[in-house]
Amino acid sequence: RFLSAANPNDSEIQDRALQNKTKQIHQKYKGFYGFGGTRQAMDIEKLKAGFQKAKRHLPFVGALALLTVLYFIQFFNYKLPGRDMALAHVPLVETLRISYAQYGDLWPLWDPFSFGGDPFLMKNAYGFDSVPGFLLFLFNDSILALKLSYVLLFFLAGISMYALVVSLGLERRYALIAALVFMLNAHVIKLLKWGWITSLGGYALLPLVILFGRKAIKEEHWATPSIITGIVFALMLRFGPDMKIGLWAGLMFGIFLLFNLIIGFSKKKLARYSLVALVVLTVFFGLSLQRIIPQLDILNLGARSQTTWEQASSRHLPASQFWNRLVEPIRIPRIQGQGSGDHIGIIAFLLAIFGLWKVRKNKMVLFFGLLALLSVFLANNTFGLYFALWHLPLFKSMRYLDRSLFLFVMAGSVLAAYGAREFFSLEKVKKKGGLIFTGLLALLLLNVWVFNFYHYSPSLQDSLGCIRRFQLR
């Protein structure tokens with residue numbers, strides 16, 4: 001308090017205040033550390049300050065945890081019905097469990113349960129360095145480890161988006177809105193219904209790429225956040241070895257560096273950004289070559305090494321479906337109806353548009369707006385963008401244009417937080433801010449949860465009914 005009240009130009013007063021504060025801390029802790037304990041005392045003070053800062057976020061983290069439990073309430077059992085999201089992955093996790101429990105081997109080379117026998121380490125399957133593998137160490141139970149993996153990754157997605165928005169300087173309640181959109185949008189529902197746990201693993205870490213990447217290019221000490229960014233990419237490979245998310249995350253990070261470099265270009269920025277990119281790549285490959293090399297070998301031996309354009313361009317997003325697929329499907333509202341899409345919901349979309357309009361000069365808002373636009377253009381192959389990307393290494397083996405919509409969902413979630421902030425900064429809204437925020441939160445949950453699509457796979461009986469109706473047609 002004394003430092004903030006002092007004249008910033010009076011260095012003597014500031015030095016004297018700092019000395020007095022240091023003496024106070026020294027006297028307070030010298031009984032524990034002696035006269036050389038000032039540094040340790042300062043560390044304790046920092047830990048206390050960090051704990052107090054973290055306490056402010058606990059109610060919001062608790063709300064996301066409660067949401068996760070309620071969202072998966074029907075999933076907390078030991079059943080694997082037909083078309084259950086976890087059913088197809090049980091043989092892979094059981095292979096890991098038997099390999100370690102019976103043979104003490106953390107890296108099995110062969111999977112005897114899939115396709116009558118299949119290579120394991122060389123395939124893009126998760127190992128003990130993934131969430132299901134870690135949970136196997138704790139429980140030694142394949143079904144329990146697999147089911148809890150979905151739950152934990154869903155929760156991690158909300159936490160990582162919340163952390164990103166807080167790091168951008170927005171209030172916690174707006175970070176909560178971004179986290180809810182990021183967790184409950186129809187794209188995540190599609191991942192859950194189709195059982196794409198590897199994609200969900202990469203998706204959960206996607207916001208952390210921008211969080212630590214932004215720290216690397218902004219903070220004075222750039223090396224540590226650069227290393228952490230490389231670790232995040234390495235975890236993406238471990239959590240989702242098929243890299244359906246990882247490749248798009250790498251593209252997003254490259255665009256992020258290029259975007260910030262172009263705005264206010266200088267040779268100093270070019271040198272720093274180049275070093276950041278070099279450190280990220282070095283850490284990523286240093287931690288990942290054990291998986292990358294065998295996977296590239298088996299990829300080059302198979303048909304996926306050169307995916308035809310007909311395969312790569314499937315699941316094209318036509319312009320006529322932009323609203324239904326990305327914003328809100330036009331339909332009679334039903335509670336937890338069946339369907340599939342990638343929409344973020346009308347409430348989040350309106351907030352995102354409002355945020356873009358109000359703070360369009362904000363650099364991060366502009367970046368996420370362009371990222372959302374690029375994602376849609378790639379899914380639509382506008383101007384042949386995806387066709388050009390298809391010629392790059394590794395993208396040649398990818399299928400489906402609409403996988404780029406991971407980026408749209410992430411950008412829309414962040415922009416919705418900015419829109420909410422701008423909305424509650426209006427004079428008429430400020431007067432009843434608490435009541436209106438509660439109402440907005442309720443509308444958002446109704447939109448993206450209650451009246452959204454059902455996030456479990458249909459039961460086997462429902463599936464057979466659909467097949468019979470199709471045969472009759």
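Colleague: A crossing counts as left-handed if the near helix is turned anticlockwise from the far one by less than a right angle, and right-handed if clockwise. Which hand does H17 show where it passes H19?

Modeller: Left-handed. This is a predicted model, where local features need pLDDT of at least 70 and side-chain atom pairs pLDDT 80 or more, while totals for chains, interfaces and linings use all residues. Numbering starts from 1 along each chain as its sequence is written, and side-chain values use heavy atoms, without hydrogens and water.

Colleague: What angle do H17 and H19 pack at?

Modeller: About 150 degrees, with the axes 8 Å apart; H17 is residues 363–380 and H19 is 405–424. (Helices are DSSP runs of H or I, at least four residues, numbered from the N terminus; axes are fitted to C-alpha atoms over the stretch in contact, and angles run from 0 to 180 degrees between N-to-C directions.) So H17 is roughly antiparallel to H19, the term for angles over 145 degrees.

Colleague: Which residues of H17 and H19 make the contact?

Modeller: Among them are Phe 368 and Leu 371 of H17, and Phe 408 and Tyr 418 of H19. Contact means heavy atoms within 4.5 Å. By class there are 15 nonpolar, two polar and no charged residues.

Colleague: Other topic. How many residues are in the largest nonpolar core?

Modeller: 131, with Tyr 150, Tyr 203 and Phe 368 having the most contacts inside it. H19 gives the largest share, 14 residues. (A core is buried Ala, Val, Leu, Ile, Met, Phe, Trp, Tyr and Cys joined through side-chain atoms within 4.5 Å; buried is under 20% relative accessible area, 1.4 Å probe, protein chains only.)

Colleague: And what does Tyr 203 touch beyond four places in sequence?

Modeller: Its contacts include Phe 182, Ile 245, Phe 406 and Val 409.

Notes:
Buried means under 20% relative accessible area, exposed over 50%, partly exposed in between (1.4 Å probe, protein chains only). Helices (H or I, at least four residues) and strands (E, at least two) are DSSP runs, numbered from the N terminus. Angles under 35 degrees count as roughly parallel, over 145 as roughly antiparallel, 65 to 115 as roughly perpendicular and the rest as oblique. Ala, Val, Leu, Ile, Met, Phe, Trp, Tyr, Cys and Pro count as nonpolar, Asp, Glu, Lys and Arg as charged, and the others, Gly among them, as polar.
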